[in-house]
Amino acid sequence: AARPVKALAPLVSPSRLGYGRAEVTLKETNTMRVIVTGSLAYDYIMNFPGKFSDHILPDKVHMLTVSFLVDSMKRMRGGTAGNIAYNLALLGGKTSIVSAAGQDFVDYRNALDKLNIDTRGIKLVDNEFTASCFINTDVANNQIVAFYPGAVVHAREVTLESIGLTKEDWALISPTDPESMMRHMQECRRLGAKHDRLEQAEAGR
């Protein structure tokens with residue numbers, strides 16, 4: 001069977017949540033605000049009941065046109081900021097998200113609200129879709145993936161200062177649009193806020 005793809009990944013070690021110069025214990029996340037910047041996305045998970053290799057001819061890859069009939073599809077909430085905020089909320093953390101999402105974000109926002117995750121720092125882009133990842137997996141665990149960034153590039157338009165970032169907060173800069181990451185890290189330095197930049201493997205999909 002094809003390997004499952006998890007839209008929500010564990011954050012880090014349960015004893016310490018921190019990288020680089022900002023070392024923050026799990027207990028501290030229950031008393032301080034954690035501001036998570038990064039992507040918000042929908043993951044569309046599909047399973048193809050055959051092998052891609054049976055439909056792709058090695059001598060024809062230069063003129064490739066393929067279509068795969070999948071036998072299942074599900075949409076899952078994902079994105080680096082969404083993954084991290086979700087896990088922190090389960091651990092009792094006070095969490096805010098800074099990102100951008102599109103016209104299809106209503107269900108995702110409702111799920112975050114139920115976890116008491118602050119969504120005021122999420123910019124809504126009416127004429128765009130939330131970032132979307134389309135993952136098709138065959139029976140040999142090979143994957144064909146397409147990613148559409150959509151609204152997430154607009155996260156650069158949201159400032160941490162606008163949501164009241166202070167020296168008492170901890171900012172996690174997770175993978176997303178490079179310009180957004182650079183701007184938010186510069187803001188943290190200017191405001192003297194504790195912050196860490198996470199790599200993709202640490203943040204989840």
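**Close-up views of the predicted chain**

View 1. Phe134 counts as partly exposed because its relative accessibility is 34%, where partly exposed lies between buried, under 20% relative accessible area, and exposed, over 50% (1.4 Å probe, protein chains only). The place of this residue is strand 6, residues 131-137, strands (E, at least two residues) and helices (H or I, at least four) being DSSP runs numbered from the N terminus. Together with Phe129 and Tyr148, Phe134 forms a nonpolar patch on the surface that has about 290 Å² of accessible area, the areas coming from the Shrake-Rupley method with a 1.4 Å probe and, for residues, with only the protein chains shown as cover. Patch residues have over 30% relative accessible area and no salt bridge, nonpolar side chains (Val, Leu, Ile, Met, Phe, Trp, Tyr) being joined within 5 Å and like charges within 9 Å; a salt bridge is a side-chain nitrogen of Lys or Arg within 4 Å of a carboxyl oxygen of Asp or Glu.

This is a predicted model, in which local features need pLDDT of at least 70 and side-chain atom pairs count only at pLDDT 80 or more, whereas totals for chains, interfaces and linings use all residues. Residues are numbered from 1 along each chain as its sequence is written, and side-chain values use heavy atoms, with hydrogens and water left out.

**View 2. The largest nonpolar core.** This core, a set of buried Ala, Val, Leu, Ile, Met, Phe, Trp, Tyr and Cys residues joined through side-chain atoms within 4.5 Å, has 21 residues, and Val34, Ile97 and Phe105 are among those with the most contacts inside it. Elements that each supply at least two of its residues include strand 1 (33-37), strand 4 (94-101) and helix 2 (106-114), while helix 1 gives the most, with five residues. Phe105 touches Leu40, Tyr42, Leu112, Ile122, Leu124 and Thr130, leaving aside residues up to four places away in sequence, a contact meaning heavy atoms within 4.5 Å.

**View 3. Glu187 in helix 3.** Glu187, placed in helix 3 (residues 178-191), is buried, with a relative accessible area of 8%. Beyond four places in sequence, Glu187 touches Val158, Thr159, Leu160 and Glu161.

View 4. Where pLDDT is low, the predicted coordinates should not be read in detail.
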